[in-house]
Amino acid sequence: MIKEDKLNVKKLMQQPFFHEKPERIKLLLSIHKEYALLIHKMLEARDLSHLGVIKDDMERVLMSQRIKEQTEVVEEYLKTGGKKETNALAMARVYASSLELFWKVMKKMIHLGGLNPKDKHLNIPTLKQKIIILESKYDIKLPKIIEVIDSTLRNSVGHENIYFSPPNIVVFLDKKGTKQKEVARLTTDDIYQKLVEMASIMLAIVMVENTAIVSVLEPLLKLSDEELAEYGRTGVLTSEMEKKI
């Protein structure tokens, strides 16, 4: 995980699109700081157990792979100038999937914080309100996360069709219901700018979660193989194990 984080950050920092606007680095650092603080407070309050941090391994694999996909799609865009239909559609799909990933992460935090115990669907206003309640519960501020929810998310994410309109327009259609309603009309450059921002956001989230996982796993390396096997079966640290770590 440490190696993966370093490679992802190094590759991202080497990309020209990340140096076009210094605020992209600020965005990554802001999201990283806020999300790390939230994770820390949840662990401190025992709302997020150690096992709770590491159990959803597949979701983290998906996020890491999506970040790689985002970078590759953007690299192809820079080569083609956004005039190629297949690349434009690929960027649009990857952008929509990045919004959905961010939505899922926020929904997961709300669920683990006890504010959505049945894990119901949350629309944008409700999602934002629950995050504000998390701020109050843990006595923290999450202004950048709330700003992303306000400015970027769409209720139709996960339920959209897209089509390419030459020379460089992608139209997003909400496919819920009997009629397809247009929800966004973006140029390929618009999508490029938004996708780079979402790549920065999701990379920050993956880095925070990986750091949390490593901090949990590293002390366990002090246990014997037999103790590790027992902890793996029971999820409980005995008093002898706790003394070692």
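How many bridges join β2 to strand β3, and in which sense do they run? Six bridges join them, and the two strands run antiparallel. Strand β3 covers residues 181-187. Here a strand is a DSSP run of E with at least two residues, a helix is a run of H or I with at least four, and both are numbered from the N terminus. Two strands pair if DSSP finds at least two bridges between them.

Please note that this is a predicted model, in which local features need pLDDT of at least 70, side-chain atom pairs count only at pLDDT 80 or more, and totals for chains, interfaces and linings use all residues. Residues are numbered from 1 along each chain as its sequence is written, and side-chain values use heavy atoms, with hydrogens and water left out.

Let us stay with the strands. Val170 stands opposite Leu186 in β3. Strand β1, residues 160-165, also pairs with β2, in the antiparallel sense and over six bridges. Glu160 has Asp174 of β2 as its bridge partner, and a hairpin of three residues joins β1 to β2. Because five of the six residues of β2 (residues 169-174) are buried, the strand is largely enclosed by the rest of the structure. Buried means under 20% relative accessible area, exposed over 50%, and partly exposed in between, with a 1.4 Å probe and protein chains only.

I now turn to helix α8, residues 143-151. Ile145, Ile146, Val148 and Ile149 are buried there. They lie on the same side of α8, because they cover an arc of only 155° around the axis, taken from the directions from the helix axis to the C-beta atoms. On the other side of α8, Pro143 and Ser151 are exposed.
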